[in-house]
Amino acid sequence: MSNFVLYECASGYALFERTMSEDIGQELEEVQQAVLDLSKFGKMITLKSFIPFKSATNALENINNISEGLCSSDLKSFLELNLPKSSKKSKVTLGVSEKNLAGSIKEALDIECESSSVVSEFIRGIRLHFEKLIKQFKEGDIEKAQLGLGHSYSRAKVKFNVNRVDNMIIQAIALLDQLDKDINTFAMRCREWYSWHFPELGKIVADHAQYAKLAKLIKNKSNITPEIANQIEEILGDAIKTKQVIDAANASMGTDISEIDVLNIESFATRVIDLTDYRKRLYEYLVSKMHNVAPNLSALIGEVVGARLISHAGSLTNLSKYPASTVQILGAEKALFRALKTKGNTPKYGLIFHSSFIGRAGAKNKGRISRFLANKCSIASRVDCFMDVPTNKFGEAMKEQVEERLKFYESGEAPRRNADVMDSVMKDINTEEEEEVVEKVENKKRKADDEEDKKSKKQKKEKKDKKEKKEKKEKKDKKEKKDKKEKKEKKEKK
C-alpha cells in the first residue's frame with residue numbers, strides 16, 4: 001500500500017500523503033464515487049508539498065523527461081527533500097502514474113514505487129480537484145499552464161530533428177504514385193480523343209509525354225509544314241519515326257475536326273505535358289531528399305523503393321527498428337495473413353520485389369536473395385537513422401555484397417565476409433576524416449601565412465610611408481632653414 005502519491009502537472013510537482021483509505025474496497029462503486037466528492041476525497045489525502053516549475057523551458061524539459069520515463073534532477077531533489085526516510089517500522093511507498101518513471105525513481109532514490117489501479121484512482125481524484133486542493137491557484141490557472149505546455153511540447157516534438165525530415169519523403173512518394181496514376185489516365189484519354197482525328201500516331205509513338213507534345217504541335221494533320229516536321233524530329237529525336245509520322249498524316253484514315261475541337265485537345269495535351277514535367281521535378285526532389293535523409297538505403301535499393309519502405313513503415317526511425325524479417329515482407333501483409341489463415345505458403349517478399357536484384361535472381365534464388373537484401377536494408381536504415389555524419393559508403397559496400405551474393409548463387413564464387421567489408425568502409429571513412437582534418441589544418445596554416453604576409457606587407461608599407469614622411473619633413477626643414485639664412489644675409493647686407 002502506497003502512503004505517498006506523486007502527481008506531475010503542467011505547473012509543477014505535487015506530493016500528497018495518504019491519510020485514510022483501504023485497498024480492499026477500492027473496486028466498489030461507492031468508493032469510486034467518493035473520489036468525485038471533494039469533501040470525502042479531502043479526508044483520504046493531504047497535500048505534503050508542491051514545487052512549481054521555474055520557467056516554461058524548465059517545464060518542457062521536465063515533461064520530456066516524464067514522457068521518456070526519466071527521473072530529472074528537479075524531481076529527484078523535490079522527493080529527497082519531502083519524502084521521509086523509510087525504516088523497518090514505517091516503510092515509505094510512493095505511488096506513481098507511469099511504470100517507467102516509477103522504475104527510474106526507484107533506481108535514483110532507492111524508494112519503493114507502486115503504479116497500480118489504486119494509485120490511478122487517487123491520481124484521478126487529484127486531477128479532478130487539483131485546483132481546489134492547492135490554494136495558491138486561481139480559477140483558470142491550470143488550464144492556461146496546460147495549454148501553454150501542450151503547445152510547446154507538441155512544437156518540440158514536430159521540430160525534432162529538422163534536418164532528417166523523412167515525413168517530406170513520405171508525402172513526396174505518395175504524390176509521385178498518385179501522379180503516375182493520373183498521368184496514365186489523362187494520357188489514355190488524350191490518345192483516345194486525338195485518335196479520332198489521327199489514329200495512326202498512337203501506334204508510332206508509345207511514350208505518353210511525346211504523344212501529348214505531338215498532339216499539341218500537329219493539331220490538324222493536314223497542315224504539317226517543313227517547320228513543324230523539324231519540330232517533330234526535335235521531340236522524337238529520330239528521323240525515321242518523324243518520316244513515319246508525316247507519311248501517316250498524309251495517308252491518315254481519321255476524321256476531320258473543327259477548330260474548337262482542336263483548341264480543346266490542345267488545352268488538354270498542355271495539361272498532360274505540365275503534369276509530366278512536374279512529375280520529373282518531383283522525382284528529382286525525392287532523389288535529393290533521399291540522398292540527404294537516407295543515403296545508404298537509396299544507394300543500396302534505389303531512391304523510389306527506399307522511399308516506399310520509409311512511407312510504409314511510417315518513418316525512418318520505425319523502419320530502423322524493424323527486424324530484417326519484417327522488412328522482407330513489408331507491403332505484403334494481406335498475403336501473409338491470408339497464408340497464415342489458410343495455412344499456405346507465406347510471401348517471400350513485399351515492396352523490395354521492385355528492386356532490380358530480385359528480378360535478376362533465378363526462380364529458385366528469389367527468396368534467398370530477398371532475405372539477404374532485407375537484411376542489408378535493415379542495416380542501411382539503422383546506419384542512416386543513427387549516424388551523425390551522413391555518408392553513402394555503407395550503402396555502396398552493401399550493394400556490392402548483394403551483387404557478390406548473386407554471383408555466388410549463379411557460379412558458386414565465395415563472397416567477402418560482412419565483417420571485412422564493414423572494416424574496409426570504416427577505414428575509408430577514417431582516412432577521409434583524417435584527410436579532412438589535415439586539409440583543415442593546412443587551410444588554417446595558409447590563412448595564418450596569408451595574414452602574416454599581409455601584416456608584414458602592411459608593416460613594410462607603414463615603415464616606407466614613415467620614412468618618406470620623415471624625408472619630406474627633413475627636406476622641408478632644410479629648405480626653411482636655407483630660406484631663413486638667405487633672408488638674414490639679405491638683411492645684413494642692407
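## Basis of the report

This is a predicted model, in which local features need pLDDT of at least 70, side-chain atom pairs count only at pLDDT 80 or more, and totals for chains, interfaces and linings use all residues. Residues are numbered from 1 along each chain as its sequence is written, and side-chain values use heavy atoms, with hydrogens and water left out.

Asp-180 belongs to helix H8 (residues 166-194) and Arg-279 to helix H13 (residues 259-293), so the pair ties together parts that are 99 residues apart in sequence. A salt bridge is a side-chain nitrogen of Lys or Arg within 4 Å of a carboxyl oxygen of Asp or Glu. Helices (H or I, at least four residues) and strands (E, at least two) are DSSP runs, numbered from the N terminus. Asp-180 counts as partly exposed at 30% relative accessibility, and Arg-279 is partly exposed with a relative accessible area of 25%. For these terms, buried means under 20% relative accessible area, exposed means over 50%, and partly exposed lies in between (1.4 Å probe, protein chains only).

The structure holds 13 salt bridges. Another of them joins Arg-360 and Glu-403, with the closest N and O atoms 2.6 Å apart. Arg-360 is in helix H19 (residues 356-360) and Glu-403 in helix H21 (residues 393-411), so this pair ties together parts that are 43 residues apart in sequence. Arg-360 is partly exposed, with a relative accessible area of 43%, and Glu-403 is partly exposed at 26%.

Glu-442 and Arg-446 meet through their side chains in a salt bridge of 3.9 Å, N to O. Both residues lie in helix H22, four residues apart, which is about one turn of the helix. Salt bridges that share partners also join Glu-400, Glu-404 and Arg-416 into one network.

## Charged patches on the surface

Helix H22 covers residues 418-493 and contains Lys-475. This lysine is part of a positive surface patch, whose members include Lys-457, Lys-466 and Lys-481. Lys-475 counts as exposed because its relative accessibility is 61%. A negative surface patch is also present, with Asp-465, Glu-474 and Glu-492 among its members. Glu-474 is placed in helix H22 and counts as partly exposed at 42% relative accessibility.

Patches are made of residues with over 30% relative accessible area and no salt bridge; like charges are joined within 9 Å, and nonpolar side chains (Val, Leu, Ile, Met, Phe, Trp, Tyr) within 5 Å. Lys and Arg count as positive and Asp and Glu as negative, while His and the chain ends are not counted. The place of a charge is taken as NZ of Lys, CZ of Arg, CG of Asp or CD of Glu. Accessible areas come from the Shrake-Rupley method with a 1.4 Å probe, and for residues only the protein chains shown count as cover.

Glu-303 lies in helix H15 (residues 303-313). Glu-303 is buried yet has no salt bridge, and the nearest side chain of opposite charge, Lys-399, is 8.6 Å away. The side chain of Glu-303 does make a polar contact of 2.8 Å with the side chain of His-291. A polar contact is a pair of N or O atoms within 3.5 Å; within protein, one must be able to donate a hydrogen and the other to accept it, and residues adjacent in sequence count only if both atoms are side-chain atoms.

Val-305 is also placed in helix H15, and is buried with a relative accessible area of 8%. Val-305 and Asp-465 are 160 residues apart in sequence and 70 Å apart in space, C-alpha to C-alpha.

## Residues in loops

Most residues other than glycine have a negative phi. Asp-110 has a positive phi, near 55 degrees, and is found in the loop between helix H5 (99-109) and strand S5 (112-114). Asp-110 is exposed, with a relative accessible area of 68%. Lys-219 also has a positive phi, near 60 degrees, in the loop between helix H10 (208-218) and helix H11 (226-236). Lys-219 counts as partly exposed at 33% relative accessibility.
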